[in-house]
Amino acid sequence: MERLVVAAILVVLAVAVAVVLERRRPAAPTQPRRWDVPSQLDRADFPGEARPWLVAVFTSATCASCAKVLPKVQVLASDDVEVTEVPYQDRKDLHDRYAVDVVPMTVVADADGVVRASFIGEPTATDLWAAVAEVREPGSSPEPHLGHGHEHGVDD
């Protein structure tokens, strides 16, 4: 019986020590969410500088979602809209210059290079097309907020 009491006291003591140690453990460090979208592009960095609109998709060969975004974006190409893919493996310089650290990232820039809409992740074709229509002709989309807050993947 005496052994049982000693064992019980040791168990209670061990639990108390474990609780105290757990409370003293620092919280896991948090990392700031970087996924910033550039607000300005130098149109000379991309083809089609003379066109009023640029839709650039920053991609990587190792990104499965990137391959799904490209067909949706390529439909937007026209005399007024330049569509270009910026693959990390071929254009690391542009990924670094614009601090692109997540792909796919789709940005819509005007003739001055001001980014007017963006998506991180894989947008639906409808959302992407509506966002481009809205920046080109304000009031044309029933959802004018699309592309302003990175709806697909990261919300600000």
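**Exercise 1.** Work out how strand β3 is joined to β4 and which way the two run.

*Solution.* Start with the bridges: strand β3 (residues 105-109) is linked to β4 by 5 bridges, and the two run antiparallel. Strands here are DSSP runs of E, at least two residues long, and helices are runs of H or I with at least four, numbered from the N terminus. Two strands pair if DSSP finds at least two bridges between them.

A quick note on the model: it's predicted, so local features need pLDDT of at least 70, side-chain atom pairs count only at pLDDT 80 or more, and totals for chains, interfaces and linings use all residues. Residues are numbered from 1 along each chain as its sequence is written, and side-chain values use heavy atoms, leaving out hydrogens and water.

**Exercise 2.** Find the disulfide (a pair of cysteine sulfur atoms within 2.5 Å) and say whether its cysteines are buried or exposed.

*Solution.* The count comes to 1 disulfide. It joins C63 to C66, with S to S at 2.3 Å. Now the handedness: the angle about the S-S bond is 95°, and the link of C63 and C66 is right-handed. Finally, buried means under 20% relative accessible area, exposed over 50%, and partly exposed in between (1.4 Å probe, protein chains only). C63 has 13% relative accessibility, so C63 is buried; C66 has 2%, so C66 is buried too.

Key: Disulfide = S-S within 2.5 Å.
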